[in-house]
Amino acid sequence: MDAKSAGQNSLYVMLFSQLARLITTIFTQTVPEFMPLRLALMILGGICGGMLGRFITRKLKNRQVEMIFISVLFCIIMVNVCNIVMFL
């Protein structure tokens with residue numbers, strides 16, 4: 001599976017996971033209080049981010065997507081290492 005397809009499938013998994021969590025939260029009546037403006041901004045940011053990501057992905061080759069993935073993964077690992085050092 002190429003990097004673009006893997007990324008898209010990963011997004012579907014996250015979508016269904018979050019949807020299941022939302023349904024569980026609603027049925028167990030544990031919905032926390034929130035500011036409606038903040039919710040609207042998060043929804044707008046998600047939609048705009050998805051549109052921007054799709055636009056950028058169409059312009060990139062598979063190899064470039066893989067390099068971005070590896071770079072972001074490295075940054076996440078470094079943040080985790082910093083957190084381990086700071087909090088141990």
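Me: Where does Lys61 lie?

Reply: Happy to start there! A word on the source: this is a predicted model, where local features need pLDDT of at least 70, side-chain atom pairs count only at pLDDT 80 or more, and totals for chains, interfaces and linings use all residues. Residues are numbered from 1 along each chain as its sequence is written, and side-chain values use heavy atoms, with hydrogens and water left out. Helices here are DSSP runs of H or I with at least four residues, strands are runs of E with at least two, and both are numbered from the N terminus; Lys61 lies in the loop between α2 and α3.

Me: Is Lys61 buried or exposed?

Reply: Buried means under 20% relative accessible area, exposed means over 50%, and partly exposed is in between, using a 1.4 Å probe and protein chains only. Lys61 has 61% relative accessibility, so Lys61 counts as exposed.

Me: How many Å apart in space are Lys61 and Asn83?

Reply: Along the sequence, these two are 22 residues apart. In space, C-alpha to C-alpha, the separation of Lys61 and Asn83 is 33 Å.

Me: What pattern does the protein follow along the sequence?

Reply: Let us count the elements before putting them in order. The protein has 3 helices and 0 strands. Reading along the sequence then gives α-α-α.

Me: Why is the protein described as more spread out than a compact globule?

Reply: The radius of gyration is taken over C-alpha atoms, and the globule rule is 2.2 Å times the number of residues to the power 0.38. For 88 residues the rule gives 12 Å, and the protein is well over that, so it is more spread out than a compact globule. The C-alpha trace spans about 45 × 40 × 25 Å along its principal axes. The radius of gyration behind this description is 17 Å.

Me: What percentage of the residues count as buried?

Reply: The surface gives some background: the protein exposes about 8100 Å², and carbon and sulfur atoms supply 73% of that area. Such areas come from the Shrake-Rupley method with a 1.4 Å probe, and for residues only the protein chains shown count as cover. Of the 88 residues, the share that counts as buried is 3%.

Me: Which residue forms a salt bridge with Glu66?

Reply: A salt bridge is a side-chain nitrogen of Lys or Arg within 4 Å of a carboxyl oxygen of Asp or Glu. Searching the whole structure finds 1 of them. Glu66 lies in helix α3, and its closest N and O atoms in the salt bridge are 3.6 Å apart, the partner being Arg63.

Me: How many residues apart are Glu66 and Arg63 in helix α3?

Reply: Helix α3 covers residues 62–87. Glu66 is partly exposed at 31% relative accessible area, while Arg63 is exposed at 55%. The two are separated by about one helical turn because their spacing in the helix is 3 residues.

Me: How many Å apart in space are Glu66 and Ala3?

Reply: In sequence, Glu66 and Ala3 are 63 residues apart. From C-alpha to C-alpha, their distance in space is 6.0 Å.

Me: Which cysteine sulfur is nearest to that of Cys75?

Reply: A disulfide is a pair of cysteine sulfur atoms within 2.5 Å, and a search of the whole structure finds 0. Cys75 is in no disulfide, as its nearest cysteine sulfur is 11 Å away and belongs to Cys82.

Me: What is the phi of Gln29?

Reply: Most residues other than glycine have a negative phi. Gln29 is found in the loop between α1 (3–27) and α2 (36–59), and with 71% relative accessibility Gln29 counts as exposed. Although Gln29 is not a glycine, its phi is positive, at about 55°.

Me: Which element has the highest mean pLDDT?

Reply: pLDDT is the predictor's confidence in each residue, from 0 to 100. The protein averages 91, and 100% of the residues score at least 70. Among the elements, α1 has the lowest mean, 89, and the highest, 94, belongs to α3.
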